Amino acid sequence: MPTELPYAAEAETSLSYDELEVLRSQYYKEVQDGHVSTQTKFNYGWGLVKSQAQELQTEGVKLLQEIYQSAPSHRRECTYYIAVGYYKLRNYAYARKFNDLLLSVEPQNMQAQSLKTLIDRAVQRDGYIGMGIVAGAAAVTGIIVASLVKRTRR
C-alpha cells in the first residue's frame with residue numbers, strides 16, 4: 001500500500017527476495033569468518049525490516065537494537081529503522097517511542113515526521129476497528145441476553 005507521504009516510503013516498501021539475499025549472504029559470510037562489521041549487520045537488519053515477512057521484520061528490529069546498544073555512532077539510523085520495523089509489525093507504541101526519540105533530537109527530520117503521521121493514522125484506524133468490534137460484541141451479547149430472558153419467561 002503506497003503512501004502519499006514520500007518521506008515515509010521506507011515504511012511502505014519492501015525489498016525483493018534477490019535484494020535481501022545479497023544482504024543475507026554478506027552477513028552470513030562475515031558470521032562464518034568470525035566477525036560481522038557494524039555496517040553489514042545494519043544493512044542486513046535494514047533489509048529484514050523492509051521485508052514482507054513478520055518474522056524477518058522481527059529479526060531485523062532485533063539486529064538494529066543490538067547495534068543501537070553497542071554502536072552509538074549508528075544510533076540515529078537505527079532509531080529510525082527500529083521505529084519503521086515496529087510500525088510494520090503493528091507495534092505502534094514502540095514505533096512511536098523510537099520515532100519520538102528521533103524527533104526529540106531532529107525535530108525537522110522529514111522521514112520521522114512522515115512516519116509519525118503514518119503511526120498516528122494507524123493508531124486511529126485500529127481504534128475505529130476496535131470500537132467496531134466492541135460495538136458488535138455488545139450487540140451480540142444483547143441479543144443473547146434478550147433471547148435467554150425471553151426463554152426463561154416461558
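Over the ring of which residue does the charged end of R75 sit? The points below take this up along with the fold, the helix packing and the aromatic pairs.

1. Basis. This is a predicted model, in which local features need pLDDT of at least 70 and side-chain atom pairs count only at pLDDT 80 or more, while totals for chains, interfaces and linings use all residues. Residues are numbered from 1 along each chain as its sequence is written, and side-chain values use heavy atoms, with hydrogens and water left out.

2. Fold. The protein chain has six helices and zero strands. Helices (H or I, at least four residues) and strands (E, at least two) are DSSP runs, numbered from the N terminus. Of the 154 residues, 35% are buried. Buried means under 20% relative accessible area, exposed over 50%, and partly exposed in between (1.4 Å probe, protein chains only).

3. R75 and Y68. The charged end of R75 sits over the ring of Y68, 5.0 Å from its centre. The criterion is NZ of Lys or CZ of Arg within 6 Å of the ring centre and within 35 degrees of the ring normal. Y68 also belongs to a cluster: ring pairs link Y68, Y86, Y94 and F98.

4. Aromatic pairs. The structure holds nine. Rings of Phe, Tyr and Trp (its six-membered ring) pair if their centres lie within 6.5 Å; planes under 30 degrees apart count as stacked, over 60 as edge-to-face and the rest as tilted. Y80 and Y81 form an edge-to-face pair, because their centres are 5.0 Å apart and their planes stand at 75°. Both Y80 and Y81 are buried.

5. Y86 and F98. This pair is stacked, because the centres are 6.0 Å apart and the planes lie at 25°. Y86 is in helix α4 (residues 75-88) and F98 in helix α5 (residues 92-105), so the pair ties together parts that are 12 residues apart in sequence. Y86 counts as buried at 13% relative accessibility. F98 is buried too, at 9%.

6. Helices α2 and α3. Helix α2 (residues 38-49) and helix α3 (residues 54-70) pack at about 150°, with axes 7 Å apart. Axes are lines fitted to C-alpha atoms, for helices over the stretch in contact, and angles run from 0 to 180 degrees between N-to-C directions. The two are therefore roughly antiparallel, a label for angles over 145 degrees. Contact (heavy atoms within 4.5 Å) involves residues including F42 and W46 of α2 and L63 and I67 of α3.

7. R90. Its place is in the loop between α4 and α5. R90 has a positive phi of about 65° although it is not a glycine. Most residues other than glycine have a negative phi.

Technical notes
Parallel < 35°, antiparallel > 145°, perpendicular 65-115°, else oblique.
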